[in-house]
Amino acid sequence: AGSEHHHGHSGGERASANSAPMAEVAALTGDLTAPADRKFELTARQSKIALASGARIDAWTYNGEVAPVLRVRQGEMVEVKLVNEDVEAGVTIHWHGYNVPNAMDGVPGMTQNVVKPGQSFTYKFRAEQAGSYWFHSHQQASEQVSKGLFGALIVDPAQETEKADEEVILINHRWKTDKGRVNAFGTEDGERRKKVEPGTRMRLRVINTDKLSRKYLLQGADYRIADIDGVPIEEPGLIADRTAFRIGGGGRYDVVFTMPDRPVLFKLGDDRDADDPTVVFYPDIPPANPTFQADSGLFDPSDYGKGVANELTTAEKFDREFEMILGNKMGFYNGKFTMLWTINGEVYPHVPTLVVQEGDKVKTTFANKSLAEHPMHLHGHHMTVLKKNGERVKTPWQTDTLNVLPGESYEVAFVADNPGMWMDHCHNLDHAATGMILHLMYD
Ligand code: C2O
Ligand code: CU
């Protein structure tokens, strides 16, 4: 507040100095006066979980479940009471990719206090965006998310146009079990089978909670990618059977296909990962020995569908431009000599804060100069992808978690339309824990 810049959020002059603070409080919390349409309660606790294979996990969960699903309708006022039973370090809920008011974003020490054992915190927000989202604790997130403090947030559109006959939520998670590390869709490791009538319109909501990107393979039917990170693709074309797609850590793809009169196989990973979970959809009798063939190519979102057209894709100039060089170096962190993950050579909290004003069109360039991939996640805003490796993408798309591979660079842009203090960080949560975080702040 207090600057001469005004960017016409409501088309008029900036509010006068003495009325501004009121407006800002409302912007940070949202209008919470309306009664809740949907209420949920999530209790964080230590739990023992068994995978389908029998492997056991010492997990931390919400409600003792792996990936509880909160399902609401777009437009509803949602209230979620978080209770912490016995997770010592305290917990929160961050609504990943969901552009809630700042005070509901679930970042401990920034938007709220951590919820200690015996305490609770109530989140309330209007479900403005439809689509596939997820939520997770943001306290010591690298450990807490791996141990199971996450779930799915599915928001059905107010007007249902493309409703599937059947849908399956597939959450890829890498568990630390008594048998080592195991990948599973929820608690289903190994193979899972499901009978589906031919002609059924299927929707798979694939959510990657892992630190690393993974490839997925659908075989037996041509398919479409209907949404990326909860945002629908306009005119999504048919993708050939056996084309693999890659989802970065924290990302979501909605995959749709029509069930043919033969089996459709879906799997995590490429051929090297023999033990990765698979799902077999079959029309009549389950196939005895479903076999996967090699991928026949990799899906590229930068050349798919009609592409987003918005004020960012047509913008000739931006109000702010930032560059983030993603790198690494050895150094001390919390008293230990270790690998640090850096933004512009610095580690959090020494990475300079991005400062914007409400209404700004902001362009960010990510350049990955390291040998690891970085799924860059911006809280509170969706980014529109404009350029990859210096060239305009054919079809700009929207994302909240953009996986940047070694050597790649991307230009993305967003409108600063959600005031507050936000995080922008790598969603390989080990990288975030050792430096790769910065803050976005509204002036
Ligand atoms: Cu899903 Cu700050 O994270
Ligand atoms: Cu990273």
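This is a predicted model: local features need pLDDT of at least 70, side-chain atom pairs count only at pLDDT 80 or more; totals for chains, interfaces and linings use all residues.

Modeller: Happy to! Glutamate 234 counts as exposed, because it has 12 C-beta neighbours inside 10 Å. Leaving out residues up to four places away in sequence, glutamate 234 touches Gly305 and Lys306. For a sense of distance, take glycine 327, which is 93 residues away along the chain: its C-alpha atom and that of glutamate 234 are 35 Å apart.

As a general point, strands of a sheet pair through backbone hydrogen bonds, in either a parallel or an antiparallel sense.

Further into the order we meet strand 14 (residues 224–228) and strand 17 (residues 252–258), which are paired antiparallel through four bridges. Within this region, isoleucine 228 has tyrosine 253 of strand 17 opposite it.

Apart from neighbours within four places in sequence, isoleucine 225 contacts Ile233, Pro236, Ile239, Phe245, Tyr253, Val255, Phe299 and Tyr304. The largest nonpolar core has 108 residues, and Ile225 and Leu153 are the ones that touch the most other members. The greatest contribution to this core comes from strand 29 (residues 409–415), with five residues. In general, nonpolar side chains of soluble globular proteins tend to be buried together.

Strand 29 takes us to another set of pairings. Strand 29 runs antiparallel to strand 23, and seven bridges join the two. Here alanine 367 is found opposite serine 409 of strand 29. Strand 23 (residues 361–368) also pairs with strand 20 (residues 320–333), this time in the parallel sense, over seven bridges. One bridge in that pairing links arginine 320 to valine 362 in strand 23.

The protein is divided into domain 1 (38–156), domain 2 (166–299) and domain 3 (320–442). Taken over C-alpha atoms, the centres of domain 1 and domain 2 are 24 Å apart. Where these two meet, 22 residues of domain 1 contact 24 residues of domain 2. On the domain 1 side, the elements giving two or more residues are strand 2 (56–62), strand 7 (131–136), helix 2 (141–147) and strand 8 (150–156). Strand 7 gives the most, with four residues. By class, that side of domain 1 has 14 nonpolar residues, seven polar ones and one charged.

Finally, a word on the record. An unreviewed UniProt entry lists "domain: Plastocyanin-like" for residues 46–159 and 340–443. In the model, residues 46–159 are 6% helix and 42% strand, with end C-alpha atoms 39 Å apart. Residues 340–443 are 5% helix and 51% strand, and their end C-alpha atoms lie 29 Å apart.

Terms used:
Residues are numbered from 1 along each chain as its sequence is written. Chains are lettered from A and ligands numbered from 1 in the order in which they are written. Domain bounds come from an automatic or database domain assignment. Two residues are in contact if their C-beta atoms, placed from the backbone, lie within 7 Å. Ala, Val, Leu, Ile, Met, Phe, Trp, Tyr, Cys and Pro count as nonpolar, Asp, Glu, Lys and Arg as charged, and the others, Gly among them, as polar. A nonpolar core is a set of buried Ala, Val, Leu, Ile, Met, Phe, Trp, Tyr and Cys residues joined through C-beta atoms within 7 Å. A residue is buried if 20 or more other C-beta atoms lie within 10 Å of its own, exposed if 12 or fewer, and partly exposed in between; C-beta atoms are placed from the backbone. UniProt positions are given in the numbering used here, feature names are shortened, and annotations may be inferred rather than shown by experiment. Two strands pair if DSSP finds at least two bridges between them.
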